[in-house]
Amino acid sequence: MRFLVFVGKVAIAMVLALGLADLALRAFWPNDLRLDENFSAPLLTRIIARDDLQKRIVFLGDSALWGYGLDAQDAVPSLLAARGFPVENLSYEGGSIANTYALLRILLAHGVRPRMIVFNVNLKEFSPGDSAYRTLYPAVEQLAWPDLTPPERQRLDRKAKTTLDARFDRRIGSVWMLYGMRSDIREKIFGAADASTALDDRIHALSGEAQREARAHVPTADRFLGTYDLAPLDNENVEVFFLRRLCELVKIANLRAVAILTPTNHTLLHEYIDSPDYAAQLAYVTEMMENAGLTVLDDDRRFAAKDFLDNDHLTADGNVLWATQLARELTR
Amino acid sequence: MTDDEFSRVPSALPPRLALRHDPIVVMLGTSLANPFVLGLVIALLAVAMIVFGPSTDSRFIYTDF
């Protein structure tokens, strides 16, 4: 009996300590300029629960709007925020139209109706060979899946495991914040997926290996062979299907939406995309969005080759130019 | 052995007994006998395991060019 009392007291102390840690996490977790590279479903839920999201311009794009290859403050939504726009950047690496649609479904399901949504349409993601095709980001998939209709689910490859232990793991993560946000905590502390990866990266940097890899990683045209599929677009294409669904959702929710045709490096990709087929794809998606009442900004050819890091990601200076142009459009 | 001879024998307790008398071990034992301290220590270990543990999450592997 004395032993059971002892164990009970140990359990109470442990739960209290972990509960306090969770409270501290909820109270002091900062509002970042953008999502981290490995964000969790509990972090996304926490952001969505914020009261001020209703009054904000929410960016729901891919890596181009997330700010790939740049510090968070150099991404275009952060530059707009610095100019006084009430901006929330919910873009992420690996985004796509299907992801934008799923994320908007999550926002609306939680009663969040942003002042405006801004997303980008990247034609490379309409290619079945793209890594984001038919795929939702794990945290988005976890939150959006219950709200998706059967035809929508059929068009996606579900990544989340449905085994009992995986479901139990997600359940624990939804009630125990510290556990649910472990990937965000590690990213925040180590700047990498975990401590060993951070140590590995450091060793790589010190040995000069990282610099050698960066020099070898020059975006030459041949790397993009097959990135764009210029076959005519139709409803069989998963991204077209979700773009149509997105247009319908924006209309039903009566949202103000701005769609950006992603800046693309035509100098680098000249031999692959400077053709009537590519122009036809752009015209197809533009017409669909304009018919649904969305504002479409054609930034496809707006930037010079010097403004790009690679095929579709702008440099810091390129993002400044982009922010200037977007600021004009958003104040209209 | 006289008392005088005994006092000159170096304190040569067997290792197990020596550890039991080590002040740090004694302090740890006393502290962990308190259930609230033990609960706190277990909670700290759990936090450390979460923070320093390996990432096994199914990340979206972003493949840029």
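**Strand β4 of chain A**

I started with strand β4 (residues 257–261) of chain A: five of its five residues are buried, so the strand is largely enclosed by the rest of the structure. Buried here means under 20% relative accessible area (1.4 Å probe, protein chains only). Strands are DSSP runs of E, at least two residues long, and helices are runs of H or I, at least four, numbered from the N terminus.

I must remember that this is a predicted model: local features need pLDDT of at least 70 and side-chain atom pairs pLDDT 80 or more, while totals for chains, interfaces and linings use all residues. Residues are numbered from 1 along each chain, chains are lettered from A in the order written, and side-chain values use heavy atoms, without hydrogens or water.

Next I checked which way the residues point: A:V258 and A:I260 go one way, and A:A257, A:A259 and A:L261 go the other.

**Its neighbours**

Two strands pair if DSSP finds at least two bridges between them. I found β3 (residues 116–121) running parallel to β4(A), with five bridges.

**Chain A against chain B**

I then looked at contacts (heavy atoms within 4.5 Å): 40 residues of chain A touch 25 residues of chain B.

Terms used. Buried < 20%, exposed > 50% of the residue type's maximum accessible area, 1.4 Å probe, protein only.
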